Amino acid sequence: MRIRLKRAYDALFRAFGPQHWWPGDTPFEVCIGAILTQNTNWTNVERAIVNLKGAGMLDAAPLRKARGDRLRRLIRPAGYFNQKAKRVKIFARWFGDYLGDSFENAKGIATPKLRGELLALNGVGPETADSMLLYAFGRAVFVVDAYTRRIVERHGFIEEGATYDEIQQLFTSNLPTRRKLFNEYHALIVMAGKHYCGPTPRCDGCPLRGK
DNA sequence: GACCAGGCACATC
DNA sequence: GATGTGCATGGT
């Protein structure tokens with residue numbers, strides 16, 4: 001399995017090249033993007049982020065102060081705007097209360113502890129927490145999303161119906177624990193998912209065939 | 001018009 | 001513990 005996962009990575013990297021993820025200017029923006037992209041197309045999220053940025057609202061303090069109706073209007077294109085407006089506010093509050101509005105203050109906190117804190121927030125589940133940990137906090141955590149599940153199930157890396165934790169362990173226990181590797185691998189999986197491994201498979205030309 | 005997109009919380013059994 | 005449902009926009 002170790003060698004299969006490495007071969008799959010190499011094939012994806014050859015096919016797509018470096019992805020330079022996460023698409024976001026600041027760690028805080030990455031966290032907000034992680035919430036906004038829940039079950040939603042990224043292009044819709046981008047509109048919401050542009051709106052927030054234009055309103056000077058892509059920071060913890062203004063988000064905490066923002067009126068609900070204003071916030072909902074700004075993030076509307078990302079869908080589920082009622083839920084997501086609450087979740088973004090909750091995250092911004094936690095970011096101030098727990099981290100004093102600075103990612104620097106997370107430096108001394110062990111990754112499992114930090115993950116637990118994130119998971120305790122309403123609106124932050126395993127994928128959102130792990131995306132934040134990897135792409136905003138710089139921790140070596142493997143992100144499992146819908147594409148990851150489809151790909152590892154279809155290509156027989158794991159049995160169908162595996163849990164989030166099991167899929168995550170498939171990667172973390174068979175790859176060196178490197179932040180940059182986890183970062184790139186997840187980004188490449190999303191690319192493969194978009195191009196070849198959607199709900200209806202388009203396996204012709206998929207770099208993972210036979211891997 | 002159906003289906004899909006980088007989930008999550010909550011109710012119910 | 002497993003399963004079902006609501007949440008909502010914009011592209012194909």
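**Helix 2 and helix 3**

I began with helix 2 and helix 3 of this predicted model, and I found that their axes come within 10 Å and cross at roughly 135°, so that the two helices are oblique to each other. For the word oblique I kept to the convention that angles under 35 degrees are roughly parallel, those over 145 roughly antiparallel, those from 65 to 115 roughly perpendicular, and the rest oblique. Axes here are lines fitted to C-alpha atoms, for helices over the stretch in contact, and angles run from 0 to 180 degrees between N-to-C directions. The helices themselves are DSSP runs numbered from the N terminus (H or I, at least four residues; strands are E, at least two).

I noted the crossing of helix 2 and helix 3 as right-handed; a crossing is left-handed if the near helix is turned anticlockwise from the far one by less than a right angle, and right-handed if clockwise. On the helix 2 side I listed E29, G33 and L36, which meet V45, A48 and I49 of helix 3. These contact residues divide into four nonpolar, one polar and one charged. Contact means that the C-beta atoms of two residues, placed from the backbone, lie within 7 Å. For the classes, Ala, Val, Leu, Ile, Met, Phe, Trp, Tyr, Cys and Pro count as nonpolar, Asp, Glu, Lys and Arg as charged, and the others, Gly among them, as polar.

**Notes on numbering and confidence**

I number residues from 1 along each chain as its sequence is written, and chains are lettered from A and ligands numbered from 1 in the order in which they are written. The model is predicted, so I bear in mind that local features need pLDDT of at least 70 and side-chain atom pairs count only at pLDDT 80 or more, while totals for chains, interfaces and linings use all residues.

**Helix 11 and its partners**

I next looked up helix 11 against helix 1, where the axes come within 10 Å and cross at roughly 65°, which makes helix 1 roughly perpendicular to helix 11. Helix 1 passes helix 11 in a left-handed crossing. Y9, L12, F13 and F16 of helix 1 meet Y185, L188, M191 and A192 of helix 11, and by class this contact has eight nonpolar, no polar and no charged residues.

For helix 9 and helix 11 I noted axes that come within 9 Å and cross at roughly 75°, so these two helices are also roughly perpendicular to each other. Y147, T148, R150 and I151 of helix 9 make this contact with I189, V190, A192 and G193 of helix 11, and the classes are five nonpolar, two polar and one charged.

**Domains**

I then checked how chain A is divided, and I have domain 1 as 2–20 + 142–195 and domain 2 as 27–135, with bounds that come from an automatic or database domain assignment. Their centres, taken over C-alpha atoms, are separated by 25 Å. Six residues of domain 1 are in contact with six residues of domain 2, and the side of domain 1 that touches domain 2 has four nonpolar, one polar and one charged residues.

**DNA strands**

Around DNA strand B I have 26 residues, of which Q38, N39, G125, T128 and A146 are the closest; a residue is near a molecule or strand if its C-beta atom, placed from the backbone, lies within 6 Å of it. Helix 8 (126–135), helix 9 (146–154) and helix 11 (179–195) each supply at least two residues of this surface, and helix 8 has the largest share, four residues. By class, the surface near DNA strand B has eleven nonpolar, twelve polar and three charged residues.

Around DNA strand C I listed N39, T40, N41, T43, N44, R76, P77, G79, Y80, F81, N82 and Q83. Helix 6 gives the most to this surface, with three residues, and the classes are three nonpolar, eight polar and one charged.

**Backbone points**

I looked up two backbone points last, since most residues other than glycine have a negative phi, and most peptide bonds are trans. Y80 has a positive phi of about 45° although it is not a glycine, and Y80 is placed in the loop between helix 5 (68–75) and helix 6. A cis peptide bond joins W21 and W22, with omega about -5°, and W22 is in the loop between helix 1 and helix 2.
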